[in-house]
Amino acid sequence: DIDHHIHLGELFIKMLSIILRHRSHKKAIQLAIGQRPFSTAEASPKSGAGFFSRIGSFLVGAGMTALLTEVYIFKEVREGNLLMLQRQRELEKRIAALEKKK
């Protein structure tokens, strides 16, 4: 289950980097061709995204943020637990060594 969450986070990061690379390539192609990304000559009478499109984009962004946050928090809690267990073992060894001296 732990590895599953970590793999999901890695997969998400790979997908996000592919999307961002695609967008930057698209913009570079537009600049090379000489097109402006936001030309007023090409604007339709209905400009901008619709309400439901914006809501959908917001929900997708919020979901991605929640997923990444969950993976990050899970990783931090796991590392913290391992650190606490290690410190507890060290304390038990020190206590055992002190009891042997008596």
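In which helix is Phe52 found? Before I answer, let me say that what we are looking at is a predicted model, and that the protein chain in it has two helices and zero strands. Phe52 belongs to helix 2, which covers residues 51-101.

Phe52 has a relative accessibility of 70%, and because the cut-off for exposed is over 50%, Phe52 counts as exposed. Phe51 is exposed as well.

Now to the rings: when the whole structure is searched, one aromatic pair turns up. That pair is made by Phe51 and Phe52, whose ring centres are 5.5 Å apart and whose planes stand at 75 degrees to each other, an edge-to-face arrangement.

Finally, the chain as a whole: of its 102 residues, 5% count as buried, and the accessible area of the protein chain comes to about 9,400 Å², with 64% of that supplied by carbon and sulfur atoms.

Technical notes
Residues are numbered from 1 along each chain as its sequence is written. This is a predicted model: local features need pLDDT of at least 70, side-chain atom pairs count only at pLDDT 80 or more; totals for chains, interfaces and linings use all residues. Side-chain values use heavy atoms; hydrogens and water are left out. Helices (H or I, at least four residues) and strands (E, at least two) are DSSP runs, numbered from the N terminus. Buried means under 20% relative accessible area, exposed over 50%, partly exposed in between (1.4 Å probe, protein chains only). Rings of Phe, Tyr and Trp (its six-membered ring) pair if their centres lie within 6.5 Å; planes under 30 degrees apart count as stacked, over 60 as edge-to-face and the rest as tilted. Accessible areas come from the Shrake-Rupley method with a 1.4 Å probe; for residues, only the protein chains shown count as cover.
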